[in-house]
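Morning, everyone. Please look at the sequence and the structure on the screen while I go through a few places in turn.

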Amino acid sequence: MKISIFSVGKLKEKYLKQGIQEYLKRLGAYAKVDVIEVADEKAPESMSEAEMLEVKRKEGERILSQIAPDTYVITLEINGKMLSSEQLAAKMDELATYGKSKIVFVIGGSLGISDDVQKRSDLALSFSKMTFPHQLMRLILLEQVYRGFRINRGEPYHK
């Protein structure tokens, strides 16, 4: 299985980079996992609705240009479907069983995900009704993907 995580913006925080590297190392035993940073669009602090849509559109184009047609796309969205760790593990197992060996998770920028990326999404996934920094979501997502592989293999994991 090949898993890619597309995330808008550069990660600067050392502690998050270290955590992400740790989970990428652990995941190496289960799958090929890449984290791809997509350039964020420079935007002023205060923007009109039209300017916000344009920023999301440009970031969305950068994401979509790198996703192959045969890829299963999971977007992280606050209004997406909430799954337990076990349900996410089952979904990953189902995708692998039915030949969807390329999965992309998309973490949008600070303004969210464009309509075009949402339309391309096969599954909108929410981790919570709370808002998390998109940089932190990389680490949380990698931990859950790792946990999913452990669950599917019947290996111990912290409950």
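**Pockets, strands and a few side chains**

The lining of the largest pocket divides into eleven nonpolar residues, ten polar and two charged. Nonpolar covers Ala, Val, Leu, Ile, Met, Phe, Trp, Tyr, Cys and Pro, charged covers Asp, Glu, Lys and Arg, and polar takes the others, Gly among them. This is a predicted model, where local features need pLDDT of at least 70, side-chain atom pairs count only at pLDDT 80 or more, and totals for chains, interfaces and linings use all residues. Residues are numbered from 1 along each chain as its sequence is written, and side-chain values use heavy atoms, with hydrogens and water left out.

Stay with the largest pocket. Which element gives the most to its lining? That is E3, with four residues. E3, E5 and H5 each supply at least two residues of the lining. The helices (H or I, at least four residues) and strands (E, at least two) are DSSP runs, numbered from the N terminus. The space in this pocket is about 500 Å³. There are 23 lining residues, and closest to the centre are Leu76, Glu77, Ile78, Thr131 and Phe132.

On the terms: on a 1 Å grid over the protein atoms alone, a pocket is an open set of points with protein on both sides within 12 Å along at least five of seven lines; a cavity is a set where a 1.4 Å probe fits but cannot get out; lining residues have an atom within 4 Å of a point. Points are joined across faces, edges and corners, and a volume is the space filled by probe spheres set on them.

The second largest pocket holds about 200 Å³ of space. It is lined by 13 residues, and Asp40, Glu41, Ala43, Glu59 and Ser110 are the closest to its centre. By class, that lining has five nonpolar, three polar and five charged residues.

How many cavities of 30 Å³ or more are there? The count comes to one. The largest cavity has a volume of about 30 Å³. Its lining consists of Val8, Lys56, Glu59, Gly60, Ile63, Gly108, Gly112, Ile113 and Ser114. Helix H2, residues 49-64, gives the most to that lining, with four residues. Three of the lining residues are nonpolar, four are polar and two are charged. Glu59 turns up here, and Glu59 is also one of the residues closest to the centre of the second largest pocket.

Now the strands. Two strands pair if DSSP finds at least two bridges between them. Strand E3, residues 72-82, runs parallel to strand E4, residues 102-107, with four bridges. E3 also runs parallel to strand E5, residues 123-126, and five bridges join them. Isoleucine 74 has a bridge partner in each: phenylalanine 105 in E4 and leucine 123 in E5.

E4 has another parallel partner, strand E1 (residues 2-8), with six bridges between them. Is E4 buried or exposed? Five of its six residues are buried, so E4 is largely enclosed by the rest of the structure. Buried means under 20% relative accessible area, exposed over 50%, and partly exposed in between (1.4 Å probe, protein chains only).

Arginine 138 is in helix H5, residues 134-152. Arginine 138 has a relative accessible area of 2%, so it is buried. Leaving out residues up to four places away in sequence, arginine 138 touches Ser7, Val8, Gly9, Lys10, Leu11, Ile20, Val35, Glu37 and Ile107; contact means heavy atoms within 4.5 Å.

Arginine 150 counts as buried because its relative accessibility is 19%. Apart from neighbours within four places in sequence, arginine 150 is in contact with Tyr30, Glu155, Pro156 and Tyr157.

Last, alanine 29. Where is it? Alanine 29 sits in the loop between helix H1 (14-27) and strand E2 (32-38). Alanine 29 counts as exposed because its relative accessibility is 60%. Alanine 29 and tyrosine 146 are 117 residues apart in sequence, and their C-alpha atoms are 9.8 Å apart in space.
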